[in-house]
Amino acid sequence: MLKNSSSKGRPGLFRQPLSQKIRWSVRLKTYALAHLHSLQGSFLRIWETPIASSLTILVVAIALALPASFHALIQNARLPIEALQTTSQISLFLKPEITNEAARRLTEKLGGFPLILGTQLLTKEDGLRELIAYSGFADALSALHGNPLPAVILVRPRMTDAAAVTLMLNELRRLSEADHVQFDDEWLKKLRAVLAIAERCIAAFSILLGFGVVFIVGNTIRLELQSRREEIAVNKMLGATDHFIRRPFIHSGFWYAFLGALMAWLVANLLILGIQSPANELAELYGSPYRLAYLDLRGTALLMGSAIVLGIVGAIVVVNHFLKDLEPL
Amino acid sequence: MAPMKRLVSIRPIPIASVSGKKIQAMIEFDNVSKRYPDSGEALSEVNFSLQRGELAFLTGHSGAGKTTLLRLIAALERPSRGDIFLEGTSIKGLQKRQIPFLRRKLGLIFQDYRLLNHLSVYDNVALPLEIMGHHPDDISRRVRAALDKVGLLKKEKRLPLALSGGEQQRVGIARAIVHKPPLILADEPTGNLDPDLAEEIMRMFRDFNDVGVTLLIASHDQQLVQRFSRRTLRLDHGKLTEGGLNDAEE
């Protein structure tokens, strides 16, 4: 028991690590085993207190389900909005002196370009007829001398991105027949701006709710710490490091967050499932091929990853505070 | 038997060996005082040293500072003044993260056992080894050896509360020796036990001492202490009034 003799003036038994003779591979294996054991133990503790634990998990789930669902909805809204752009058209107003014959020739010429899906000519007469038919100003308009409306060529571009559209607009503006070129995407820009604001709001919300997750998990673990105060004190007296004490609680934090995130993921996807059929009907009415998508892999990874980090942070903060309180033990 | 044994078990004083090197004591108190904010001075200017392989009793009325003295050795409390050395290592000089490793060299025994009542006897005794990161196979071998030594091998699956007081204390002792510490500190280990059980526990301590373990046992039971006729440190209102000097120094 007392093999070390005191004759060499060596630093003393009390400074030597006790387990120095154990090989590192064995120590690593033992360490991994201890972690696994603790992970399992934490899960069992949650399992054995189903009511208290499921309350925590549910609150975590709700806190996470809100941003997850919003994220899924925005992600779904983005696709059809981007798709709307490709169905937009460019109005090419021709100079008043251009004859209908020349306009018709230009329409055909433009229709032949590979980047243009289709063209349609609205002559001055077409325009007037439409205005009379739809505006209700028939009397006022018939009082006019001559036709003040320009001929318009409606161009449906085959578009891939915003840069291509800009390029095409510039080309059309350079035509000698062109008086004015208009690409009606203002409302699209507005919609995108609204979407961007919504995304910012969700990000801010997510941060707040993320703090919520830290506090919920932290508070649950604080209660657990209090009920295991004696056990922790005994462990410390027997030489447990802070790391050893922290380990099972970090694992509890992991489980609360992971199970909460799993539930939030389910809730978000159930929400999408719930609105899927009316949304798809709507898309069909617009002749759009888009269908509502579930939370994608990136969103799922973000949800799980951030939840687990937040749960573990909550646990560490609370245990460290508790250990500080316990000092000098 | 006592005088003979004593000559063998207590080593010569550490002041200076022939080679001129100082041999360090197991425990050395250097002018240690401990003051609590609300209850005043629990220990004042305590000086003593305990050699390797010694078994000493710590006596005194209740509130004399026995528990405080033991807690200071295990760094469960910090001294207000002075310093404590374990084999020459200053406890004051230890960093916070080194303290757990100091405690792993100690075996602590308490009057109220401080067992974890939701864990089996086996798991209670295994705790120090789990804390130290031993392999499960190694743990099971050592735990059984420790339980065998205290005669509780057959009750390893029981919960502590299903055992008698004496048995619970033996579990506490098994937990204190399972990692073979060089120093055992016992705080009123027989305080809750009847005289026969107390005697039995004391004999167990003497056996540990026979194989070289250093023990410091706090007890207010004068008769028991006298029966074992070992070095006795007496505390009175926080002052060491007796036994402060080593036998050979006296």
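This is a predicted model: local features need pLDDT of at least 70, side-chain atom pairs count only at pLDDT 80 or more; totals for chains, interfaces and linings use all residues.

Analyst: Leaving aside residues up to four places away in sequence, A:Val213 touches A:Val60, A:Ala63, A:Leu64, A:Ala257, A:Ala307, A:Leu310, A:Gly311 and A:Gly314. A:Val213 also belongs to the largest nonpolar core, which has 109 residues. Within that core, the residues that touch the most other members are A:Val60, A:Leu64, A:Val213, B:Val125, B:Ala174 and B:Leu185. Helix H9 of chain A, residues 242–285, supplies the largest share of this core, with 12 residues. In soluble globular proteins, nonpolar side chains tend to be buried together.

In chain A, domain 1 covers 36–83 + 190–326, and domain 2 covers 89–184. Taken over C-alpha atoms, the centres of domain 1 and domain 2 of chain A are 54 Å apart.

Now let's turn to chain B, which has 8 helices and 10 strands. Of its 250 residues, 47% are buried. Among the contacts in chain B with a separation of 6 or more, 71% join residues 24 or more positions apart.

B:Ile139, B:Val143, B:Ala146 and B:Leu147 are buried in H5(B). Viewed down the axis of H5(B), the buried residues fall within an arc of 95 degrees, which means they line one face of the helix. An α-helix has 3.6 residues a turn, so residues three or four places apart point the same way. The buried residues of H5(B) pack against helix H4 (121–132) and helix H6 (165–177) of chain B. After H5(B) comes B:Gly151, with a positive phi near 75 degrees.

Finally, B:Pro100 brings us back to chain A. B:Pro100 sits in helix H3 of chain B, residues 99–103. With 22 other C-beta atoms within 10 Å, B:Pro100 counts as buried, because the cut-off is 20 or more. Not counting residues up to four places away in sequence, B:Pro100 touches A:Gly239, A:Ala240 and A:Thr241. By contrast, B:Pro100 and B:Leu197 lie 32 Å apart in space, C-alpha to C-alpha, and 97 residues apart in sequence.

Key
Residues are numbered from 1 along each chain as its sequence is written. Chains are lettered from A and ligands numbered from 1 in the order in which they are written. Helices (H or I, at least four residues) and strands (E, at least two) are DSSP runs, numbered from the N terminus. A residue is buried if 20 or more other C-beta atoms lie within 10 Å of its own, exposed if 12 or fewer, and partly exposed in between; C-beta atoms are placed from the backbone. Two residues are in contact if their C-beta atoms, placed from the backbone, lie within 7 Å. The arc is that of the directions from the helix axis to the C-beta atoms. A nonpolar core is a set of buried Ala, Val, Leu, Ile, Met, Phe, Trp, Tyr and Cys residues joined through C-beta atoms within 7 Å. Domain bounds come from an automatic or database domain assignment.
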